[in-house]
Amino acid sequence: MSRALLLPQVFKIKTIKRLTPDTLLYEVTDQDGNFDLSYRPGQFMEVSIFGSGECPISITSTPSRPQHIEFAVREVGLVSGAMHNLEPSEHIGLRGPFGNGFPIDALKGKDIFFIAGGIGLAPLRSLINYMLDHREDFGAIDIVYGARSPELLCFAEEFAAWQEAPDTRLHLTIDKETPGWQGKVGFVPAIVKELGLPPRDRAAIACGPPVMIKFTLLDLAALGYPDEDVITTLELKMKCGVGKCGRCNIGPIYVCREGPVFRLSELNRLPAEY
Ligand SMILES: Cc1cc2nc3c(=O)[nH]c(=O)nc-3n(C[C@H](O)[C@H](O)[C@H](O)COP(=O)(O)OP(=O)(O)OC[C@H]3O[C@@H](n4cnc5c(N)ncnc54)[C@H](O)[C@@H]3O)c2cc1C
Ligand code: FES
C-alpha cells in the first residue's frame, strides 16, 4: 500500500469560494504549486485539518482539468467546521484518492441522466465536467438538480456553461415557490417523473439526501430503468478509507474500497440494514 494512502500529505489551499450559506469550495494545490495527483470522478479523499481530525470528502474537480483539486465542504461538525475557519494559503492534509469512482468506460456511448440534490451535486460535478470535456464520447446529458431554495443550489456559476454545452439540458428545481425563481418547483423525484426520460440506452446517476434517493429509485423503476443502469453513491461513516478499520462495511464489502459508487443491481445483493 502506498504511503499516500496512509499518511496525510500536506497541500495548500489556493482559493476558497462560498457556494451556499453553509458550503465552501476549496481549490487545493501542492505546496510548491506543481500539482500532480491522479484520480477518477467519483473518488474521495480523507481530508485532515491539523488539530481537529480527518473526514472523507468527494473530489468535485475533474481530472480533465488537472491544475488543481477541488472539494465542496458543508459545515456540519468538528472537522468541517474547522475547515470552514481556514483561509487561503493555509495547509490541509490529504490521503487518497480512495474508492472505485464512476464506471466511465461502461457509460461511453450512453445517454446520461444525472439526478442530484443539495451537496450531492459535488461528486456528480466531477463526472459532469469530465463528460463535457469528452463530449463526443457520451450521448445526450440531462441534469436534474434540486435544493430547498435558490441560494442552496451549489455551483450556480457553472449552470450557464452546462446549459450551453451541446446536447445538454439542466433542469433546476426548488422545493417551494420563491419570488423571481425561473426554474421548476417541486421535489427532485417529482421532476424525474415529470421528465419521464425513457431508459433505452440511458444510465441514471443519482446522488443526494437519502430521502431523495429513496423516491428517485422508485420513480426510475416505474419508468422502466433496469437496476444495472441505475448508479448511486453511498456515504456511510468512514475512517481509514482503505478497508482496514471496519467502519464502513456492509456484510462482506467495504464501501470505502468497493464503493462509494454502486449500481442498484449491486446494492440489491447486499444485506438490507445499511
Ligand atoms: C465517500 C464520502 C464522500 C463525502 N463527500 C462529501 C463532500 O463532498 N462534501 C461534504 O461536505 N461532505 C461529504 N461527506 C460527508 C462528510 O464526510 C461528513 O459530513 C464529515 O465526516 C463530517 O465530519 P465533521 O467532523 O465535520 O462532523 P462530525 O462532528 O463528525 O458530525 C456532525 C454530524 O454529522 C453526522 N455525520 C458525520 N459523518 C457523516 C456521514 N458520512 N454521513 C452522515 N452523517 C454524518 C454526525 O453523525 C453528526 O450528527 C462525504 C462522506 C463520505 C463517506
Ligand atoms: S473506512 Fe475503514 S474499512 Fe472502510
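The shell around ligand 1 comprises, by class, twelve nonpolar, three polar and three charged residues; in this classification Ala, Val, Leu, Ile, Met, Phe, Trp, Tyr, Cys and Pro count as nonpolar, Asp, Glu, Lys and Arg as charged, and the others, Gly among them, as polar. The model is a predicted one, in which local features need pLDDT of at least 70 and side-chain atom pairs count only at pLDDT 80 or more, while totals for chains, interfaces and linings use all residues. Residues are numbered from 1 along each chain as its sequence is written, chains are lettered from A and ligands numbered from 1 in the order in which they are written, and side-chain values use heavy atoms, with hydrogens and water left out.

Of the 18 residues around ligand 1, those that come nearest are Pro56, Ala72, Arg74, Val79 and Ser80; a residue is near a molecule or strand if one of its heavy atoms lies within 4 Å of it. Several polar contacts (pairs of N or O atoms within 3.5 Å; within protein, one must be able to donate a hydrogen and the other to accept it, and residues adjacent in sequence count only if both atoms are side-chain atoms) can be described. Ser80 places a polar side-chain atom 2.5 Å from an oxygen atom of ligand 1. A nitrogen atom of ligand 1 lies 2.8 Å from a backbone N or O atom of Ala72, and a polar side-chain atom of Ser58 lies 3.0 Å from a nitrogen atom of the ligand. On its own, ligand 1 has 880 Å² of accessible area, of which the protein covers 69%; accessible areas come from the Shrake-Rupley method with a 1.4 Å probe, and for residues only the protein chains shown count as cover. Two or more residues of the shell are given by each of β4 (53-58), β5 and α2 (78-84), where helices (H or I, at least four residues) and strands (E, at least two) are DSSP runs numbered from the N terminus. The largest share, four residues, comes from β4.

A search of the whole structure finds 14 salt bridges, a salt bridge being a side-chain nitrogen of Lys or Arg within 4 Å of a carboxyl oxygen of Asp or Glu. Arg74, named above among the residues that come nearest to ligand 1, meets Asp22 in a salt bridge with an N to O distance of 3.8 Å. This pair links distant parts of the chain, 52 residues apart: Asp22 lies in the loop between β1 and β2 (23-30), and Arg74 in strand β5 (residues 69-74). Asp22 is partly exposed at 25% relative accessibility, as is Arg74 at 39%; buried means under 20% relative accessible area, exposed over 50%, and partly exposed in between (1.4 Å probe, protein chains only).

Strand β5 also holds Glu70, which forms a salt bridge with Arg125, the closest N and O atoms being 2.8 Å apart. Arg125 belongs to helix α4 (residues 121-133), 55 residues from Glu70 in the chain. Both Arg125 and Glu70 are buried.

Glu157 and Lys17 form a further salt bridge, with the closest N and O atoms 3.5 Å apart. Glu157 is in the loop between β8 (141-147) and α5 (159-164), whereas Lys17 is in strand β1 (residues 9-20), 140 residues apart. Glu157 is exposed, with a relative accessible area of 68%, and Lys17 is partly exposed at 40%.
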